[in-house]
Amino acid sequence: MRNAVRLHTLTHLTCLRRNRIFHAFLMLVIVGLALTIVPGLAFDDDSNRFQTLRRLAQMLHGTISWVTSGIGLFLLWEHRRTRSLKMVATTAAPFGAWVASLFATATLVGIAMHATSGVLIFCLSWVWGVTYQYGFIYLALDHAAQSLISLGVVTMLGVVLHPVIAVVLVALVNESTVLILRQGLDMLSPSLVLRVTKALAAGLYYILPVQDPFGERTEALVRTMRAAESDWRYLAGTAAYALLVLAFAHVSTLVMLRRRPGT
């Protein structure tokens, strides 16, 4: 099983390295980041370099999290586009190893990109003479864990939905939007339909995966980049939650693909 996962992961990495569509997507992301970041860096002065560095770190790691979550979906879509998924499902190798390799490939690429961005932030802090805080390391690790949550959810939805619909659904339907919906429903006049709608919204709120489980408790860290001892415990909790979501997504993806391997 372990060797099968490793071989499938190496194959997926080769696919990403040679795929022009993936390269074009990365170039589009890089150009978009450059157009957003470079003007700000050009006009910032020495007095607010720390805030610039903090915003840059949040932007880079946030973007990488979305790219990471999309890699599993892209690989799944690529196999469906080339109609090779049925062939993979009917080989002697464990199909679960192939599904696990989707998540393993995205995780490896995401960690590499987060690490590269972390090194870039450290180098900029040294060049600008900004005191480097451990909060920047926390930010990178926290976004890496959050990207695993999105990876699991997006890939799982990609089995039954079009990739674009899956991404839009994850972006729009989350705990924040459902909470806003619940608050809006509380302002309406009570009725049977409203009570049913509120019950459905409440159920949806509690079953939806949480992107940032401890975001409210680490707001001070994000503002100051000063990581306290308790913050690292929150990071461990986020990582454990991410692994739980990823495990559930792996099992669900495997079950759904076995039922419809040719689609």
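Which helix does S101 lie in? S101 sits in helix 5, residues 95-128 (helices are DSSP runs of H or I with at least four residues, numbered from the N terminus). Before going further, bear in mind that this is a predicted model, where local features need pLDDT of at least 70, side-chain atom pairs count only at pLDDT 80 or more, and totals for chains, interfaces and linings use all residues. Residues are numbered from 1 along each chain as its sequence is written, and side-chain values use heavy atoms, with hydrogens and water left out.

Back to S101: because its relative accessibility is 0%, S101 counts as buried (under 20% relative accessible area with a 1.4 Å probe, protein chains only). Leaving aside residues up to four places away in sequence, S101 touches V5, H8, T9 and H12, where contact means heavy atoms within 4.5 Å.

Now look at helix 6, residues 135-158. Of its 24 residues, 21 are buried. Confidence in the chain is highest here, at a mean pLDDT of 91, and lowest in helix 4 (residues 85-89), at 66; pLDDT is the predictor's confidence in each residue, from 0 to 100.

Helix 6 also supplies the largest share of the lining of the largest pocket, seven residues. A pocket here is an open set of points on a 1 Å grid over the protein atoms alone, where a 1.4 Å probe fits, with protein on both sides within 12 Å along at least five of seven lines; lining residues have an atom within 4 Å of a point. In total 26 residues line this pocket, and I149, V153, V170, P209 and Q211 lie nearest its centre.

Conventions:
Helix = DSSP H or I, 4+ residues; strand = E, 2+ residues; numbered from the N terminus. Expected span 1.5 Å × (residues − 1). Buried < 20%, exposed > 50% of the residue type's maximum accessible area, 1.4 Å probe, protein only.
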